[in-house]
Amino acid sequence: MSVMQAKLVLLGDMGAGKSSLVLRFVKGQFFDYQESTIGAAFLTQCVAVNDATVKFEIWDTAGQERYHSLAPMYYRGAAAAIIVYDISSQSSFARAKSWVKELQRQGNASLVMALAGNKADLSAEKREVEASEAEAYAEENGLFFMETSAKTAANVNDLFYEIARKLPRT
Ligand code: GTP
Ligand code: MG
């Protein structure tokens with residue numbers, strides 16, 4: 001069985017839930033008081049797709065604006081990117097769009113990009129971004145889109161699995 005390594009980067013506003021998604025995917029854990037990331041964190045996890053194993057080398061970046069200038073170090077050479085926003089924050093969705101623009105300009109041409117609307121477990125009154133709005137945006141920009149919840153684990157494995165499936169086979 002072949003093993004393929006793939007560098008994956010998570011980008012998005014601070015507090016959108018990047019670290020929580022990674023922690024859920026890699027360790028099956030979730031913390032209500034997840035600490036804000038400083039610089040970036042590195043984790044790995046494998047996913048089996050058909051007859052191959054994809055080993056994700058995951059860079060979980062810090063969303064705080066002061067770390068923005070470091071981001072190219074992490075997305076350069078990446079095979080995949082997950083742009084995360086919080087469904088209860090329009091401003092985090094705006095930030096996600098600006099990451100998409102930056103990656104379209106500077107990222108790898110064959111980059112597989114996913115848009116994750118996280119915190120989908122929150123109540124309807126807290127929602128500021130409709131799934132239909134994000135879906136339309138994703139379609140226009142050639143990304144694939146899923147709403148996720150690091151808290152309940154909804155769609156988290158599916159998100160990474162879908163990325164693994166979309167990676168060009170080498
Ligand atoms: P930075 O590292 O500062 O860029 O933030 P981040 O994007 O890594 O966010 P983080 O994972 O630290 O999550 C921020 C807060 O949101 C934490 O208090 C988490 O518990 C909470 N959170 C993350 N994901 C979810 C989710 O799916 N649902 C809910 N309800 N809360 C979540
Ligand atoms: Mg973080």
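Trainee: How many residues surround ligand 1, and which are the closest?
Mentor: 24 residues surround ligand 1. The closest are Ser20, Phe31, Ser36, Gly63 and Asp121. Being near takes a heavy atom within 4 Å. Keep in mind this is a predicted model, where local features need pLDDT of at least 70, side-chain atom pairs need 80 or more, and totals for chains, interfaces and linings use all residues. Residues are numbered from 1 along each chain as written, chains are lettered from A and ligands numbered from 1 in written order, and side-chain values use heavy atoms, leaving out hydrogens and water.
Trainee: Which element gives the largest share of that shell?
Mentor: H1, with three residues.
Trainee: What does the backbone of Phe31 do there?
Mentor: One of its N or O atoms lies 2.7 Å from an oxygen atom of ligand 1. The side chain of Asn118 puts an N or O atom 3.1 Å from a ligand nitrogen.
Trainee: How much of ligand 1 does the protein bury?
Mentor: 90% of the 650 Å² that the ligand exposes when taken alone. Those areas are Shrake-Rupley values with a 1.4 Å probe.
Trainee: New topic. What coordinates the magnesium ion?
Mentor: Ser19 through OG and Thr37 through OG1, at 2.0 to 2.1 Å. Donors are N, O and S atoms within 2.8 Å of the metal (3.2 Å for Na, K and Ca), and water is not among the atoms, so the site may look incomplete.
Trainee: Are Ser19 and Thr37 buried or exposed?
Mentor: Both are buried, meaning under 20% relative accessible area with a 1.4 Å probe, protein chains only.

Note on methods:
Buried < 20%, exposed > 50% of the residue type's maximum accessible area, 1.4 Å probe, protein only. Polar contact = N/O pair within 3.5 Å; in protein donor to acceptor, adjacent residues only side chain to side chain. Helix = DSSP H or I, 4+ residues; strand = E, 2+ residues; numbered from the N terminus.
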